[in-house]
Amino acid sequence: MGSSATESYDSIGFIGLGAMGFPMAKHLANKLPSETPIYVFDVAKEAMDNFCAEFPKKIVKCGSAREVAQQTEIILSMVPEGAHVRSVYLDEKNGVCSTDISNKLLIDCSTIDTATSLLVKDHIAKNFPSASFYDAPVSGGVVGAVKGTIAFFLGCSKTDPSLPRLTQLLENMGSQVIPCGGPSLGLAAKLSNNYLSGVIAIACSEAMDMGMRAGLDPITLAKVYAAGTAQNTVCDRFNPVPGVHPEAPSTNGYKNGFKVQLMRKDFGLAVDMAKRVGAKNVLGQVGLETYTAASNDPRCRDLDSRVVYRYLGGKEEWKVDDSVE
């Protein structure tokens with residue numbers, strides 16, 4: 001979008017400067033006009049200090065979510081779980097809703113359960129009817145957040161009057177903004193997406209492993225999948241086998257990706273959602289058990305979720321062996 005669109009944002013608040021939030025806020029700091037201040041808060045002061053060090057003239061550190069809300073017209077949040085979202089918005093002393101947020105635009109990019117998101121939305125609608133709250137979870141992982149290529153699944157209809165403004169803002173951080181129909185439907189889309197992504201990662205790990213054990217080179221295998229009906233983004237850009245894709249987290253020791261514990265969390269939320277809406281998924285329980293076990297495995301914990309390949313016993317040092325030939 002052109003600069004005339006972004007200049008309409010007088011002040012932006014960003015709550016949550018973690019693995020995803022930090023690069024997302026960084027794109028805003030780089031792309032919004034210099035006269036648009038960004039007020040930030042994170043429970044980890046080091047994250048705020050690091051962010052402020054990169055943009056000392058543009059960033060204002062705040063002591064709470066409430067303080068961010070007091071200073072800004074638009075507030076974005078990106079935190080790990082539903083409990084954190086409840087704290088950010090509903091904490092009686094330091095939450096966003098503990099101050100007057102009339103006429104403000106509130107965008108939660110966290111991936112959480114739909115019930116918590118609706119709870120926050122209903123609280124805001126009841127107490128601040130002129131304020132607008134949207135769920136806008138993202139997909140694309142830390143790599144996508146850094147590159148600015150994430151997709152936003154926005155919980156609003158295509159006819160929502162705020163959609164153009166929301167889209168212009170979010171496009172500073174990502175490549176796609178998809179309105180999903182209404183409140184919490186962005187989250188429903190995200191959980192459905194992560195369920196599928198999680199299942200594919202397990203299947204890709206198993207398929208790569210069996211092919212390699214049969215004697216195939218993993219790069220050749222990846223080319224086969226890309227050319228055939230098995231083609232998928234996980235295999236193409238996040239291949240679980242180290243060294244197949246140069247920018248995949250697996251190639252960097254499974255670092256800087258979507259943590260396996262977070263995949264376990266999202267997968268569990270998706271399985272719960274499936275039960276609630278009456279959808280049958282035969283891979284749900286076994287997938288959840290797999291990610292739960294990988295999350296608890298000290299070889300895998302805190303690493304990218306595609307480390308499930310390691311958990312399943314996949315061969316990681318294939319290049320070393322192949323070079324002997």
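This is a predicted model: local features need pLDDT of at least 70, side-chain atom pairs count only at pLDDT 80 or more; totals for chains, interfaces and linings use all residues.
Guide: Contact means heavy atoms within 4.5 Å. Residues are numbered from 1 along each chain as its sequence is written, and side-chain values use heavy atoms, with hydrogens and water left out.

Visitor: Which residue does UniProt list for "active site"?

Guide: UniProt positions follow the numbering used here, feature names are shortened, and annotations may be inferred rather than shown by experiment. In this case the unreviewed UniProt entry lists Lys190 under "active site". Helices (H or I, at least four residues) and strands (E, at least two) are DSSP runs, numbered from the N terminus; Lys190 is found in helix H9, residues 185–213.

Visitor: Does one call Lys190 buried or exposed? With which residues is Lys190 in contact, leaving aside its neighbours within four places in sequence?

Guide: Buried means under 20% relative accessible area, exposed over 50%, and partly exposed in between (1.4 Å probe, protein chains only). Lys190 has 5% relative accessibility and therefore counts as buried. Beyond its neighbours within four places in sequence, Lys190 is in contact with Thr111, Pro137, Val138, Ser139, Phe153 and Asp266.

Visitor: Which residues does the UniProt feature "domain: 6-phosphogluconate dehydrogenase NADP-binding" cover?

Guide: The unreviewed entry in UniProt assigns that name to residues 11–180. Over this span the chain is 39% helix and 21% strand, and its end C-alpha atoms are 26 Å apart. A further feature in the unreviewed entry, "domain: 3-hydroxyisobutyrate dehydrogenase-like NAD-binding", is placed by UniProt at residues 186–310. Residues 186–310 are 62% helix and 0% strand, with end C-alpha atoms 32 Å apart.

Visitor: How far apart are Asp113 and Gly268, in sequence and in space?

Guide: Separation along the chain and separation in space are to be read side by side. Asp113 and Gly268 are 155 residues apart in sequence, yet their C-alpha atoms are 9.7 Å apart. Asp113 lies in the loop between S5 and helix H6 (114–127) and, at 24% relative accessibility, is partly exposed. Leaving aside its neighbours within four places in sequence, Asp113 is in contact with Gly82, Leu187 and Leu269.

Visitor: How many salt bridges does a search of the whole structure find?

Guide: Side chains of opposite charge can pair when their charged atoms come close. A salt bridge is a side-chain nitrogen of Lys or Arg within 4 Å of a carboxyl oxygen of Asp or Glu. The search finds ten. One of them joins Glu54 and Lys26, with the closest N and O atoms 3.2 Å apart. Glu54 lies in helix H3 (residues 45–54) and Lys26 in helix H2 (residues 21–31), so the pair ties together parts that are 28 residues apart in sequence. Glu54 is partly exposed at 39%, and Lys26 is partly exposed at 31%.

Visitor: Where do Glu73 and Arg165 lie?

Guide: Glu73 and Arg165 form a salt bridge whose closest N and O atoms are 3.4 Å apart. Glu73 is in the loop between helix H4 (65–71) and strand S4 (74–77) and Arg165 is in helix H8 (residues 163–170), so the pair connects parts 92 residues apart in sequence. Lys265 and Asp266 also form a salt bridge, at 3.3 Å between the closest N and O atoms; Lys265 and Asp266 are buried.

Visitor: How many disulfides does the structure hold?

Guide: A disulfide is a pair of cysteine sulfur atoms within 2.5 Å. The structure holds zero. For Cys109, the nearest cysteine sulfur is that of Cys156, 13 Å away; Cys109 is buried at 1% relative accessibility. For Cys180, the nearest is likewise the sulfur of Cys156, at 8.4 Å; Cys180 is partly exposed, with a relative accessible area of 24%.

Visitor: What is the phi of Asn103, a residue other than glycine?

Guide: Most residues other than glycine have a negative phi. Asn103 has a positive value, near 70 degrees. Asn103 lies in the loop between helix H5 (82–90) and strand S5 (105–108) and is exposed, with a relative accessible area of 64%. Asn256 also has a positive phi, near 55 degrees. Its place is in the loop between helix H11 (233–237) and helix H12 (260–277), and Asn256 is exposed at 57% relative accessibility.
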